[in-house]
Structure formats: C-alpha cells, structure tokens
Amino acid sequence: MIDHQLPEGVEQHFHAHFDDEPVDMNDTATNIDDATVAELEELAGRYPNKQSAMIPMLHLVQSVDGHVTGEGVRHIARILEVTEAQVLGVVTFYTMFYRRKVGKHLVGVCTTSLCATMGGDLIYDAVKKHAAGKEDLFTVERVECNAACDFAPVMMLNWEFMDNMTPRKAVDILDRLEAGREVRSTRGPEITSWRDNERVLAGFYDGKADEGPAAGQASLAGLDVLRESTATEHEGRR
C-alpha cells in the first residue's frame with residue numbers, strides 16, 4: 001500500500017492564478033470613442049456571422065481600455081445583437097481577457113511541466129518581486145504551457161517569446177523596459193506594449209510580422225533530422 005502522507009512540515013496547497021473578478025458593469029469609464037466603435041463595426045463586418053467577431057472585438061476593447069470594461073461589453077453586445085451575458089460568458093471563459101487593468105507590459109512566466117522543472121517558479125518569484133509597486137508598468141502572472149518546451153524555461157512578454165530564461169535575464173529585461181531601452185523578442189519583433197499587441201490580436205496589422213526569426217534552431221533541429229533521414233532513405237532505394 002502506498003503512503004500518500006506528506007512529510008512533516010510540508011503543506012499541500014494550490015495557488016489559483018486566474019482572474020476571477022467580474023467585469024464592473026456599473027463603471028462607465030472608457031477610452032472608447034467613435035473611431036473605436038467604427039473599428040468594432042468593421043470587425044463585425046468581416047465575418048458571414050458577425051457574432052464570430054466577438055473575440056477580436058474583445059481584444060480591441062482591451063487595446064483601448066487596458067482591460068474588458070462594462071462599456072466595451074455594452075458596445076459589443078449592441079453591435080452583435082447579443083445579450084451582455086453572452087459577451088461576459090466569453091470574457092470569463094478565456095484567460096486572455098482581463099477584468100482588471102493591465103500594465104504597459106504583460107509578463108507571463110510559464111510554470112508548468114518542463115519550464116517548472118527548469119526553474120520557472122524561480123523566474124516567476126524573481127520577476128514578481130522585482131515588479132512589485134510598478135503595477136502601471138508591469139502585470140506579472142503565471143501562464144500555462146506556451147508550446148515552446150524546446151526553449152524552456154520561457155517567459156512571455158506581451159505574448160512574445162523570451163526564450164531560455166533565468167531569473168537574472170528576466171529581471172534585466174524588466175530593467176531595460178523600465179529605462180526605455182530596446183528589448184526584442186527572441187523569436188519576434190521589438191517589444192512595444194501589451195495594448196499594441198492586443199490591437200494586432202484584434203486583427204489590425206502592425207507591419208511587424210517579419211521581424212525576427214520565424215523559428216529557433218531548437219525547433220528546426222527535428223526538421224533537419226527528418227530531411228537527413230528522408231535523403232538517406234531515398235538514396236537507399238536507388
């Protein structure tokens with residue numbers, strides 16, 4: 001029989017890190033103006049079924065207001081001809097939608113599986129401590145696997161990859177951002193802001209898709225092996 005008792009002095013606990021606060025529908029503060037409403041309507045018009053535009057529209061609201069606001073929900077519900085409850089159902093389902101204002105930069109540290117094994121929790125603790133008191137600049141969170149295990153441990157910066165991180169590297173990146181110095185994603189463009197990237201996720205191109213390498217060497221190693229084995233197989237058939 002297996003003994004599942006934890007050693008003395010060790011506590012079993014689970015830290016939930018999802019935003020469980022509701023959207024404040026009573027708060028009418030917003031930066032949404034006529035131009036934003038026009039872009040929301042443009043997004044709705046891109047789809048045969050305009051309700052398919054709800055997720056891009058929520059990203060656009062976040063790019064303007066810094067989180068999902070009550071006014072944003074009302075505009076989306078009106079344009080898509082759905083209830084506010086339907087919009088809120090989508091907001092609370094997806095973790096990329098925030099009910100509290102996000103800082104200029106969203107810092108997500110992967111702490112699952114391989115990244116955790118390779119120091120993800122140490123990186124998270126270092127970043128969280130270093131960003132304390134700078135909430136307008138940084139919002140720090142744990143994130144689930146970002147399918148970049150070949151570059152573990154990984155930190156996401158406004159949803160751009162920062163590969164092979166260490167606590168020191170991560171803190172240095174935050175210092176450079178705070179000082180206004182250039183920071184580039186390991187496999188992507190120069191870092192600007194979370195709101196800028198939210199606008200891209202909404203479907204408005206920023207012209208930076210070709211900045212940085214499309215894939216790193218670790219990802220391409222398997223492709224090289226496949227090409228070599230295929231070439232060997234073809235040679236053997238001759």
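**Figure 1. Glu 81 in the loop between α3 and α4.** The structure is a predicted model, in which local features need pLDDT of at least 70 and side-chain atom pairs count only at pLDDT 80 or more, whereas totals for chains, interfaces and linings use all residues. Residues are numbered from 1 along each chain as its sequence is written, and side-chain values use heavy atoms, with hydrogens and water left out. Phi of Glu 81 is near 60°, which is a positive value in a residue other than glycine. Glu 81 counts as exposed because its relative accessibility is 63%; exposed denotes over 50% relative accessible area, buried under 20%, and partly exposed the range in between, computed with a 1.4 Å probe on protein chains only.

**Figure 2. Helix α2 and the helices that surround its buried residues.** Helix α2 comprises residues 54-65, and its twelve residues should span 16 Å at 1.5 Å a residue; the end C-alpha atoms are 16 Å apart, so the model agrees with the expectation. The expected span is 1.5 Å times one less than the number of residues in the helix. Eleven of the twelve residues of α2 are buried, so that the helix is mostly covered. Among the buried residues are Met 54, Pro 56, Met 57, Leu 58, His 59 and Leu 60. The buried residues of α2 pack against α1 (34-44), α3 (70-80), α4 (84-93) and α8 (194-202); contact here means heavy atoms within 4.5 Å. Just after α2, Gly 66 adopts a positive phi of about 85°.

**Figure 3. Thr 36 and its contacts.** Thr 36 belongs to helix α1. With a relative accessibility of 7%, Thr 36 counts as buried. When residues up to four places away in sequence are not counted, Thr 36 touches Asn 31, Leu 60 and Val 64. Both Leu 60 and Val 64 are among the buried residues of α2.

**Figure 4. The four cysteines of the UniProt "binding site".** An unreviewed UniProt entry lists Cys 110, Cys 115, Cys 145 and Cys 149 under this feature. Although these residues are spread over 40 residues of sequence, they cluster in space, with a largest C-alpha distance of 9.9 Å. UniProt positions follow the numbering used here, feature names are shortened, and annotations may be inferred rather than shown by experiment. Cys 115 is situated in helix α5 (residues 113-117) and counts as buried, at 4% relative accessibility. Beyond four places in sequence, Cys 115 touches Cys 110, Gly 120, Ala 152, Pro 153 and Val 154. Cys 145 occupies the loop between β2 (138-143) and β3 (155-157) and is partly exposed, with a relative accessible area of 49%. Apart from neighbours within four places in sequence, Cys 145 is in contact with Cys 110 and Thr 112.

**Figure 5. The largest cavity and its lining.** A search of the whole structure finds one cavity of 30 Å³ or more, and the largest cavity holds about 40 Å³ of space. A cavity is a set of points, on a 1 Å grid over the protein atoms alone, where a 1.4 Å probe fits but cannot get out; lining residues have an atom within 4 Å of a point. Grid points are joined across faces, edges and corners, and a volume is the space filled by probe spheres set on the points. The lining consists of Cys 110, Thr 112, Cys 115, Cys 145, Asn 146, Ala 147, Ala 148, Cys 149 and Val 154. Seven lining residues are nonpolar, two are polar and none is charged. In this grouping Ala, Val, Leu, Ile, Met, Phe, Trp, Tyr, Cys and Pro are nonpolar, Asp, Glu, Lys and Arg are charged, and the others, Gly among them, are polar.

**Figure 6. Backbone features at Pro 153 and Asn 158.** The peptide bond from Ala 152 to Pro 153 is cis, with omega near -5°. Pro 153 is located in the loop between β2 and β3. Asn 158 lies in the loop between β3 and β4 (160-162) and has a phi near 55°, a positive value in a residue other than glycine. Asn 158 is buried, at a relative accessible area of 1%.

**Figure 7. Val 183 and its surroundings.** Val 183 is placed in the loop between α7 (167-178) and α8. Its relative accessible area is 2%, and Val 183 is therefore buried. Val 183 and Ile 173 are ten residues apart in sequence, and their C-alpha atoms are 7.1 Å apart in space. Outside four places in sequence, the residues that Val 183 touches include Leu 157, Met 162, Ile 173 and Arg 176.

Key
Helices (H or I, at least four residues) and strands (E, at least two) are DSSP runs, numbered from the N terminus. On a 1 Å grid over the protein atoms alone, a cavity is a set of points where a 1.4 Å probe fits but cannot get out, and a pocket is an open set with protein on both sides within 12 Å along at least five of seven lines; lining residues have an atom within 4 Å of a point.
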